[in-house]
Amino acid sequence: MTGSVASTGSIWVVAETNADGSLAKSSTEVATLARTLAEAAGLEAAGLVVAADPGAAAEELAGYLPRVISVAEPAAAENAWAQVAAQRAVPILTSEPPAAVLTGAGPDGRDVAGTLAALLERPLLVNATAVAWDAGPSVEMSVFGGKLVTTSAFTDGEWGIVTVRPNVVTAEKAASPGKVESAEPAGQLELPLVKIVERTEEAAATLPIEEARIIVAGGRGVGGEEGFKLVQDIAAALGGAVGATRAAVDSGWIPYAQQIGQTGKIVKPQLYLALGISGAIQHKVGMQTAGTIVGINRDPDAPIAEFADLVVVGDLFDVGKALLEELESRG
Amino acid sequence: MEPVRPGHLMRIVVLTKPVPDPAAAAERLGPDGRLDRAAAPAVINGNDEYVLEAALKLADTQGADVTLLSMAPPNAVETMRKGLAMGAHRGVLVSDPALAGSDSWSTVLVLEAALRQLEYDLVFAGFDTSDGVAGVVGAALATRLKLPYLSSAAKIEPDSGTGTVRVRRISPTGFDVLEAPMPALIVGTQLLGEPRYPSLKGIMAARSKEVVTKSLADLGLDAVTIGGGAARTRVTGQEQPPARGATQVVRGTAEEGAQAIVALLSSRRLI
């Protein structure tokens with residue numbers, strides 16, 4: 001990128017919080033990335049937390065970044081978060097032009113990124129699977145369902161917003177914690193508020209699949225809720241989470257939160273064990289970057305045989321039960 | 001934009017993006033880093049079909065007028081016919097040679113301008129697109145248009161009596177129920193329900209439905225600030241993802257299969 005102006009300003013992270021006020025895991029990853037990039041580029045890294053009660057998350061974020069600004073905004077408690085947060089972020093992000101703004105690529109991250117882009121009139125690069133720094137963010141993305149990896153940049157002289165996929169960076173705290181400053185929310189919220197009239201927490205049956213090191217997933221071949229019992233047992237024996245294909249979710253065997261693939265979640269566990277999953281493109285896009293992929297499938301010609309490390313051809317119940325016994329005998 | 005008029009038909013605009021058919025596995029970028037649209041047949045983006053279905057269900061149950069809005073090359077009219085065959089009433093296609101190679105910022109500006117020329121109570125968009133997987137255009141559009149923004153919708157319930165809409169939004173730990181006045185922009189998910197197949201009657205009817213094509217000039221926009229020439233992002237490289245290693249295939253008894261799995265996991269220190 002010769003000829004472009006060397007970037008100045010900070011690399012900012014707009015962080016997300018969990019329902020209990022703690023820092024979202026994806027934000028620990030994005031913060032780690034921002035700090036690493038800033039160190040390499042000789043820039044500052046900074047974070048921003050906007051929440052009704054941002055204290056705990058801001059302290060946590062300061063474990064990853066040298067500077068964190070915390071904005072206590074009561075409106076964030078009973079209204080949809082992203083537009084409130086983006087409006088509070090604008091004056092802070094524009095007090096000096098940033099080098100880049102990073103968010104997570106999950107539902108809240110993309111909402112806040114899109115809103116910020118509109119408010120700040122900045123371009124976006126989305127769903128980064130890796131980010132390097134070359135006078136600005138150089139963003140790797142997986143497109144067309146993983147068939148192609150592209151690298152993109154903002155055009156010269158532009159800074160923009162980058163959303164980063166979960167699990168592409170390993171969160172790592174800084175050697176020493178940073179400082180938290182508080183900023184008062186300034187001015188009116190001009191965008192229409194969207195009221196949260198009801199919140200329902202569903203009992204988390206298993207570990208969230210985006211955070212799991214091991215995922216055992218079932219597809220159409222599992223045949224029903226009862227079949228998923230075996231998937232769950234194997235997941236429990238391996239200390240992993242349970243995932244599923246869209247067909248299994250559509251059949252009502254397992255909740256949507258567990259769905260992996262194009263219209264579900266994109267995961268990157270160290271081990272992906274697929275039971276009765278053919279590996280069609282719509283599912284493959286959600287799990288193809290897993291460290292090790294193992295399939296148990298009756299059909300030796302299923303697409304999963306093209307990208308798995310190991311495929312066991314056979315009845316998933318017979319092989320699954322034998323596997324469970326093997327695992328249990330290992331204690 | 002007038003507020004919802006009680007007793008009048010609800011007007012819904014559904015953003016639909018023609019994308020290369022993921023099942024055809026022929027998507028590619030041209031040497032200029034732009035999507036090679038000739039390489040793969042186009043289909044309606046899968047996630048957009050869920051929100052279209054939600055709009056059509058509202059049309060079935062309480063009456064609604066459904067307009068498809070796309071920004072795509074001229075041949076996208078054919079792709080839009082499927083949405084019309086499913087039951088949408090008309091289409092608006094923004095098409096202009098200058099839009100080839102647009103980034104998401106240009107997409108936002110174009111759709112914003114197109115929506116300003118339409119009347120609506122609700123705008124629906126899909127969770128993301130299978131080609132670019134951006135998922136940020138809906139939030140940016142709502143912000144530009146100063147519309148309430150309700151995302152990750154699993155259920156959409158407008159109430160034309162009160163002029164408000166309720167959305168069940170999937171949250172990381174369950175769901176929230178959101179409420180806002182209409183007009184509003186809603187981004188929906190697969191949980192809205194399986195899209196219908198066009199009926200033969202629907203396919204016939206779609207042939208005579210109107211698709212209005214608009215150029216940048218029709219929208220009062222110019223190619224200096226919008227489209228491929230004004231892109232604020234650029235593709236600097238493209239490559240095939242690294243190939244995974246060879247697949248080991250084990251056939252034999254269930255026990256042999258199980259042992260092969262345990263051996264692999266153990267050698268990779270996964271157990």
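**Ground rules.** I am working on a predicted model, where local features need pLDDT of at least 70, side-chain atom pairs count only at pLDDT 80 or more, and totals for chains, interfaces and linings use all residues. Residues are numbered from 1 along each chain as its sequence is written, while chains are lettered from A and ligands numbered from 1 in the order in which they are written.

**Domains of chain A.** I looked up the domain assignment first. Chain A has domain 1 (10–183) and domain 2 (209–329); such bounds come from an automatic or database domain assignment. The two domain centres, taken over C-alpha atoms, lie 32 Å apart. Domain 1 of chain A puts 7 residues into the contact and domain 2 of chain A puts in 10. I count a contact when C-beta atoms, placed from the backbone, lie within 7 Å. On the domain 1 side I find 2 nonpolar, 3 polar and 2 charged residues. Here Ala, Val, Leu, Ile, Met, Phe, Trp, Tyr, Cys and Pro are nonpolar, Asp, Glu, Lys and Arg are charged, and the others, Gly among them, are polar.

**Chain A against chain B.** I turned to the contact between the chains. Chain B gives 74 residues and chain A gives 76. Elements giving two or more residues on the chain B side include H1, H3, H4 and strand E9 (174–181) of chain B. Helices (H or I, at least four residues) and strands (E, at least two) are DSSP runs, numbered from the N terminus. H6(B) gives the most to that side, with 10 residues. By class, the chain B side has 35 nonpolar, 23 polar and 16 charged residues.

**The sheet.** I followed an open, mixed sheet of 10 strands, in the order E10(A)-E9(B)-E8(B)-E7(B)-E10(B)-E6(B)-E1(B)-E4(B)-E5(B)-E11(B). Strands pair if DSSP finds at least two bridges between them. The edges are E10 (195–201) of chain A and E11 (211–214) of chain B. Neighbouring strands are turned by 25 degrees on average, direction ignored; axes are lines fitted to C-alpha atoms, for helices over the stretch in contact, and angles run from 0 to 180 degrees between N-to-C directions. H3(B) packs on this sheet, and its direction makes about 145 degrees with that of E4(B). E10(A) and E9(B) pair antiparallel over 6 bridges. Ile196(A) stands opposite Leu178(B) there. E6(B) and E10(B) run parallel, joined by 5 bridges. Ala125(B) faces Val187(B) in E10(B).

**Helix H4(B).** I checked burial next. All 8 of the 8 residues of H4 (137–144) of chain B are buried, that is, 20 or more other C-beta atoms lie within 10 Å of their own; 12 or fewer is exposed, in between is partly exposed, and C-beta atoms are placed from the backbone. These buried residues pack against H4 (81–93) and H5 (107–120) of chain A, and against elements of chain B including H3 (104–116). Just after H4(B), Lys146(B) takes a positive phi of about 55 degrees.

H1 (46–62) of chain B has 17 residues and reaches 25 Å from first C-alpha to last, close to the 24 Å expected; the expected span is 1.5 Å times one less than the number of residues. Its buried residues include Tyr50(B), Val51(B) and Leu52(B). Ala59(B) sits in H1 of chain B. I class Ala59(B) as partly exposed because 18 other C-beta atoms lie within 10 Å. Beyond four places in sequence, Ala59(B) contacts Ala64(B), Val66(B) and Gly87(B).

Terms used:
Two residues are in contact if their C-beta atoms, placed from the backbone, lie within 7 Å.
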